Amino acid sequence: MTRFGTWWRTPQLMKDASLLEQGMLAVLVRHMSQEKAESAISALKSSFPDWNEMRVAQIQEIGGFMLKKGRRASRHALQNVLAPARDARDYLQEVFQRVHGLDLEILREDPGAGGKVLQQLPKLGLAAGSQLMWIANGGQLPVHGGLVRVLDRLGLVSRSGSVKKSGEAI
């Protein structure tokens, strides 16, 4: 995936992580290694009672917890984690605004609606969103409108009235 000329790789799956946390991992690995991102998520989970508390927290506070220094982190120490802290908080805010909560299980329950939600999460991006759909569908190919459009243009699948019908054809 590219954004402004930068290439990002989707992360490896994080063990025992929810879909929301897998998405946060994808956001954080744009700024740090997967190991550091997983450590940051673990630190955030233990520092905040729930993800909603993090969603409404100050960026400096989030960064301090990512560094495992809490509110005592110095300005100098926070410099390298402010951007990932901001992106993680913005990602949670986007999810909250789209699904009116902080749960992405809609991807498992209703893949069609889930795919539409993912298209409205710019912090996550298409590649990471597709990876979440893949995880939610148990390793099955995530079929969404963009994929159907591309396959139609290549002449491999004709567009039908719904993504579900196209998914069956694929």
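A: The following account begins with the core as a whole and then turns to particular contacts. The model is a predicted one. Its largest nonpolar core has 39 residues. Those with the most contacts inside this core are Met-24, Leu-44, Trp-51, Met-54 and Tyr-91. At least two core residues are supplied by each of several helices, namely H1 (19–28), H2 (34–47), H3 (51–55), H4 (59–66), H6 (82–99), H8 (111–119) and H9 (126–136). Helix H1 gives the most, with seven residues. In soluble globular proteins, nonpolar side chains tend to be buried together.

Tyr-91 shows how such contacts reach across the sequence. When its neighbours within four places in sequence are left aside, Tyr-91 is in contact with Leu-19, Leu-20, Gly-23, Met-24, Val-27, Leu-104, Lys-123 and Leu-124.

The meeting of helices H1 and H2 may be described next. Their axes come within 9 Å and cross at roughly 130°. H1 is therefore oblique to H2, and the crossing in which H1 passes H2 is right-handed. On the side of H1, the contact is made by Glu-21, Met-24, Leu-25 and Leu-28. H2 takes part through Gln-34, Ala-37, Glu-38, Ala-40, Ile-41, Leu-44 and Lys-45. By type, the residues of this contact comprise seven nonpolar, one polar and three charged.

Finally, helix H9 contains Gln-131. Gln-131 counts as buried because its relative accessibility is 15%, and buried means under 20%. Not counting residues up to four places away in sequence, Gln-131 touches Thr-10, Pro-11 and Leu-13.

Terms used:
Residues numbered from 1 in each chain as written. Predicted model: local features only at pLDDT ≥ 70, side-chain atom pairs only at ≥ 80, totals over all residues. Heavy atoms only, no water. Core = buried A, V, L, I, M, F, W, Y, C linked by side-chain atoms within 4.5 Å. Buried < 20%, exposed > 50% of the residue type's maximum accessible area, 1.4 Å probe, protein only. Helix = DSSP H or I, 4+ residues; strand = E, 2+ residues; numbered from the N terminus. Contact = heavy atoms within 4.5 Å. Axes fitted to C-alpha atoms, helices over the stretch in contact; angles between N-to-C directions. Parallel < 35°, antiparallel > 145°, perpendicular 65-115°, else oblique. Left-handed = near helix turned anticlockwise from the far one by under 90°. Nonpolar A, V, L, I, M, F, W, Y, C, P; charged D, E, K, R; others polar.
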